[in-house]
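Please read this briefing alongside the sequence and the structure shown here. It begins with domains and then moves through chain contacts, helices, record annotations and backbone details.

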Amino acid sequence: MATLELEGVTTRYGKVVGVEDLELTVGDGEFFVVLGPSGAGKTTTLKSVAGLVDMDAGRVSIGGRDMGGVEPYHRNVAMAFESYALYPQKTVFENLASPLRSGRTGTYDKAEQSKRIELVTTTLGINHLLKRFPRELSNGQRQRVALGRVLVRPADVYLLDEPLSHLDAKLRAAMRAELKQLGEDSSTTSLYVTHDYQEALDLGERIAVLRHGRLVQVGTPEQIWREPADTFVAKALGQPEINLLDGEVTGGRIVAAGGAVSLPVPSGVDVGDRVRVGLRPRDLDRADADPDGGAHRAGAERLHLRGRVHLAERLGRLVELSIEVGDTEIIMVAGSDHAPGEGDVIDMAIDLADVHLFAPGAPGEETARLGSGRPR
Amino acid sequence: MAREMMPGRRRFTAGSVGADLLILLWFVFSLFPIVWMVLLALKTRSQQTSTYFAFSPTLENFGTVMSRRGEDLTSVNFSGALLSSVLNCGGAVLVSLLIGIPAAYAAGRWKYRGSEDLMFQMLSFRFAPELMVVVPLFVIYNQTGLFDTTYGMIWVLQLVTMPLVVWILRSYFQDLSPELEQAALLDGYTRRRAFVMVALPLVRPGIAAAALLAFIFAWNNYVFPLILTDSEATTVTVAVTKFLGGGGQAYYNLTAAAALIGALPPLVLALTIQRYLVRGLSFGAVKA
Amino acid sequence: MTTTVTGPHREGPRQEREAPPPLPTVPAWRRRLRPYLLSVPAVAIIIGILYPFVLGVYYSFLNYAAVNPNPVWVGLRNFKAVLTAPEFWHSVQVTLVYAVSATAIETVLGIGIALLLNRSSIIGKIFEKVLILPLMIAPVIAAVIWKLMFNPQFGVLNHVLGLGSTFDWLSRDRALWSTVLVDVWIYTPFVAILVLAGVRSLPKEPFEASDVDGAGWFYMFRRLMLPMMWPYILVAVIFRLMDCLKIFDIVYVLTAGGPGNATRTLQVGAFEDSITNLNYSRGSTYMFLLWIIVFAVARYLVSVLGRAQRRAAGAEG
Amino acid sequence: MTTRNTSRRNFLLGGAAAASVPLLNACGVGGSTADNSGAAANDVTGGFDWKKASGTKIKILQTPHPYQQSFQPLLSEFTELTGIEVQADLVAEADYFTKLNTELAGGTGAHDVFMTGAYFIWQYGPPGWMEDLDPWLKNTSATSPDYDFEDIYEGLRTSTRWDFKPGSPLGTGGQWAIPWGFETNVIAYNKRLFASRGVKPAETFDDLIQLATDLTDRSKNQYGIAFRGSKSWATIHPGFMTQYSRMGCKDYTSEGGKLVAAMNSPEAVDFTAKWVQLAKAAGPTSWTTYEYPDCTRDLGNGNAAMVYDADSATYPKNKPGASKEAGNLAWHPGPAGPDGSYATNLWTWSLAMNAASKQKLAAWLFIQWATGKDAMSKATKAAFADPTRKSVFDGAFKQTLGAFPGYLETFEKVIDSTKIQFSPQTKFFETTEDWAVALQDIYAGQNAKSRLDALADSNTRKLAS
């Protein structure tokens, strides 16, 4: 029911930076995901919004109102903590009733309280646990109670800190679907924090990627996936991780992997004499054996590679292949039918549109994307 | 036997018996004085210096010690001292809790300038030589009329109870995830309500342990009442030592009975908080 | 603190244009002040305790005594007098001997008892319950009990140990060791329960691993256990050493510092000066010097503890 | 219990008073300066009347003692006579003087009247803590015509009168306390044991050593002689100081108005070494902890054959049923000095008034009553030994002495040479405790000469500063 704006938010813990100069605008009712590895400042972002940590600089506004100096209990936000933060001395029911009884989230009589709790616990599949204490629950159940304590009440903003991280795979998938539905149905602005890129891509209307407390990129899932702002974002999305090859620019062409990879410098991209070439394992197709695998755009220009399979690791339906290409190793994922064996030499191809170029850098250094659009 | 003392796998060997014997030896040493005190307390006056173990026990001494009759014999008003001890220590613990809980909470929750200094200052009270403070207090108390009063004792006993309460409770508050209170804040509760609703109930065992331990230490204190009280607010520990020279006569049986009565409250309290004892005794440094 | 905000659903249809009512705010300085406000009463107590402490230091620069109620500043004269008096150095020696020997014996015995109790034997389980009894009895009361037991004529010790009536536990040569004995009786359980808590918190894996490797128990004790236990032992040692340096009650009740000055520890000496003789300045000078000793030892040991805790944390993590 | 209100009131009054004085002086430094001009005594005018302070209440501080115990039942008579309520607080002797000192130093005036001894006056009269009773005695409005102060033995009256000049003899200056009961320090022995062994009390100090050693049989838990040995000034003043004086030794000599310690004179060293030898050979095992109750306990139990201490301390042990050896005790003056001296150290329990008392008239009436003829005579019938009034001693007291062989004879033998053998000086307690410590050190094996040299040196310096 409200927009959420963060302007220049900086929160430090002593000398340790939580978040630095964060600028975000979350639209009314938007389901916004913050993605980043641990220590990136995701939780700090949420707590800065909630007013649970003292910001060193910047402004948070909810619904157009500046939250500077406003106590958390006046902000009308709800948060699911990664640690659950369930009151150990209270039952599940009491935990869920807590926000309804404070008087600051609305006025509910006993019947309304029970009704709301019944509704949300049924959705979350924990309605049989109401009389239990948190210590009598599994982690997954606790997490759902924590989520329930958010959803049971109306709020201007929902803050969800890794709410699915402790669920087992099956439940996580189900809950993700549930959440997606909820996000679409509900008009509550939500800030959702995760380290799981699939969750982010699946749930987020927009995604912000954080690293070391700084905002790296904001965009729709499509933008983030297609145009990662730098190697960090590129690596954060996709499993296996994107292949990054160091390349030299010679005579209008980019040459990498000891000459095994060669492609033209895209027009409109300002390159120096060195670049990094990024190839997502799932974007690579088998050019030789896979008749219709890899739904590449018809007629698109393609980069062709040849290499020797060094290692083949079966992952269910797919096979992860380590392929020696020139003097480097490239990972690709292929369908397990007709998968090559170790030692086989195979041909691969990738749409030039899917080749990402980044500025050169030392190993371990993250570098920015070259060119604003796709390389052509 | 030796291997069994290490953590991990248990093994029963002939050495176990040897170890049990060693431990038995300690406990004979450890419990003998207490047993002896009980025996002495059960003797009549004529048996007190003449027999060691064979005698006809009587409970009379306890009644004598607590009554006017004991005071006439020994000039020690023991029941009055018991009451004073309860008032002094109870009052001191109460004050320490009222003042110490907020301070412990602040020190456990926030890192703020001076918090470590405050805690260290508290700790330094625990290790300061008592007389350094008591001698000037003796002069001050005499001038202000606090000498030999319960108020005066409650004040000076803060030196004993306050560091204990603050340090123990800080360690409990530190263990308590701040996110619990944060959750309450976001549920719409004010900080005070969040504290009362969430934090306080969860550190209740810590509060109980700190309070009882502080009470025990205040009860067992000797220097303060020795110097800062006379007859009105004097305590059990001072009263027990008075029996030794009481009345120019030696009532060792009464001394033992008084010692037993004086030792009982701390023993009972200690057994009720045994689980929390280690943490309390080490000021929260060792979490058992 | 009241609020004007209620659930957003209570409002009617959304009114985009209208400015929402302002929320109550708490200025930043008041937020930052919060922990200080909570600590104010405690700080008041500290100041209240520090005041007499500072006054005590001040006394040591006066010639203040009950018989001289209008003292004057005498500078360092008290310190010169005390530091050149052989009684003071004798008291320092007595205090150090008491503190070091009592702490050492209690630490060794305490570790031994903890290790013995760590075995899962029935006897150990029972004894663990009563281990703390001497520790919880008031030290003075314990001293009274022991004083009765030490009595050469009717005291039970000479009877049980067959020493006859001529063995004087509190003679000049023995009094210090007898007071140490009482200290050991009271406080060994303190070390034992701390160390026992430490032993129980140790991970089992390294021991099982070296057991499989066939390591001897002494090797395990020295190489594995002791380093991991070091912080626990140090905590116990710090508490015992500090308390022993300012020992008063046990000694005062058992010997009052005698015979002669054989057990006149620093705090007993200070008591004699300031309370028995009502010479506040000389007593305060003693206490000030003792305080410096205690403070120096405490600072040193706490820094050692800090290092040990970091090392132990590193070893386990 | 009724006094709790008083404390609380004091607290409030004190708090208000403290608020009005400068900070450091108010709290922590600077004592009270009591009004000691005798103005309070002179405020009392008109004819004498016991009821003049009727309706007031006083507190008295005492140590449990036969004297105090004899008077306890009589307190109600006092209340009846005067309408003054009395609360008696008791503090055991071991702590008594520390308590008394600290209370007087505090200047709170919590207790109006207290039991004290002569030495106490030397140290705690000068700061103005004790009321000069001379103006009270002289005021006929405050003192009954029947009081007859002169009836109290002169030696005792002068022992509590001093002008506070170190080295100046007792007997001049203010009357700081009224003598109540007194003690001579002599030997009490177990007559039954002496008879069975066929021995008689020793007449010389060397004989005493021999006798005591002969009577010692550690295997039977029996030893020759008990006297005090604890780390306290009180170790010096009874038997030790008595025999010390008989051997011709002095504590201090006065040189040009300055006191010089004489504990290390050749005869003093010789005697001290022998005394300690006696303690080792024939004294109690834990001599260094011995106070008078330990001594009299051992005498009463039959463990000690003799006690060299106050006659009034051993006296109650012979009362029927008071101890195992009751009825078997007898008294003897103890060994004479080489020149036949029976010099004996005196202890008077006296009653003194707190200068900070707020009920001075009532306090004075109490002192007057307690040291008066009637009350003292009545107390003597209980266990009050050695009353300070000649009329009472010759009257009521002598009648009780039939069952106490040698008590009266001993008393009469020593009384003429009984006086305070110490030199009056203001650091009595500290320097005399140091003396006791020296005895303990010598007992533990230190050389008597060098130890006493060190003591004398230190004490001379302490008195000079």
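The C-alpha centres of domain 1 of chain B and domain 2 of chain B lie 32 Å apart, where domain bounds come from an automatic or database domain assignment. This is a predicted model, in which local features need pLDDT of at least 70 and side-chain atom pairs count only at pLDDT 80 or more, while totals for chains, interfaces and linings use all residues. Residues are numbered from 1 along each chain as its sequence is written, and chains are lettered from A and ligands numbered from 1 in the order in which they are written.

**Domains of chain B**

- Domain 1 of chain B covers 14-58, and domain 2 of chain B covers 72-281.
- To their contact, domain 1 of chain B contributes 9 residues and domain 2 of chain B contributes 7 residues, two residues being in contact if their C-beta atoms, placed from the backbone, lie within 7 Å.
- On the side of domain 1 of chain B that touches domain 2 of chain B, 4 residues are nonpolar, 3 polar and 2 charged; in this scheme Ala, Val, Leu, Ile, Met, Phe, Trp, Tyr, Cys and Pro count as nonpolar, Asp, Glu, Lys and Arg as charged, and the others, Gly among them, as polar.

**Helices of chain B**

- Chain B holds 14 helices and 0 strands, with helices (H or I, at least four residues) and strands (E, at least two) taken as DSSP runs numbered from the N terminus.
- The C-alpha trace of chain B spans about 70 × 70 × 35 Å along its principal axes.
- Helix α5 (residues 115-127) of chain B and helix α7 (residues 150-175) of chain B have axes that come within 8 Å and cross at roughly 135°; the axes are lines fitted to C-alpha atoms, for helices over the stretch in contact, and angles run from 0 to 180 degrees between N-to-C directions.
- Because of that angle, α5(B) is oblique to α7(B), given that angles under 35 degrees count as roughly parallel, over 145 as roughly antiparallel, 65 to 115 as roughly perpendicular and the rest as oblique.
- The crossing of α5(B) and α7(B) is left-handed, a term used if the near helix is turned anticlockwise from the far one by less than a right angle, with right-handed used if clockwise.
- From α5(B), the residues B:Met119, B:Met122, B:Leu123, B:Phe125 and B:Arg126 meet B:Leu159, B:Met162, B:Pro163, B:Val166, B:Trp167 and B:Arg170 of α7(B).
- Sorted by class, this contact of α5(B) with α7(B) has 9 nonpolar, no polar and 2 charged residues.

**Contacts between chains**

- There are 5 pairs of chains in contact, and among these chains B and C share the most contacts.
- In that pair, 81 residues of chain C are in contact with 79 residues of chain B.
- Helix α1 (residues 28-59) of chain C, with 15 residues, gives the most to the side of chain C that touches chain B.
- That side of chain C divides into 62 nonpolar, 12 polar and 7 charged residues.
- Chain A and chain D, by contrast, do not touch, and their nearest C-alpha atoms are 41 Å apart.

**Domains of chain D**

- Chain D is divided into domain 1 (54-183 + 347-403) and domain 2 (184-346 + 409-464).
- The centres of domain 1 of chain D and domain 2 of chain D, taken over C-alpha atoms, are separated by 27 Å.
- Their contact takes 21 residues from domain 1 of chain D and 26 residues from domain 2 of chain D.

**Transmembrane annotations**

- An unreviewed UniProt entry lists "transmembrane region" for several spans of chain B, including residues 21-42 and 118-141; UniProt positions are given in the numbering used here, feature names are shortened, and annotations may be inferred rather than shown by experiment.
- In the model, residues 21-42 of chain B are 95% helix and 0% strand, with end C-alpha atoms 30 Å apart.
- Residues 118-141 of chain B are 92% helix and 0% strand, and their end C-alpha atoms lie 26 Å apart.
- For chain C, the UniProt annotation "transmembrane region" (unreviewed entry) covers spans including residues 96-118 and 283-302.
- Residues 283-302 of chain C are 100% helix and 0% strand, with end C-alpha atoms 28 Å apart.

**Backbone details in chain A**

- A cis peptide bond, with omega of about 0°, joins A:Gln239 and A:Pro240, and A:Pro240 lies in the loop between α8 (231-236) and β11 (243-250) of chain A.
- A:Tyr84 is not a glycine, yet has a positive phi of about 75°.
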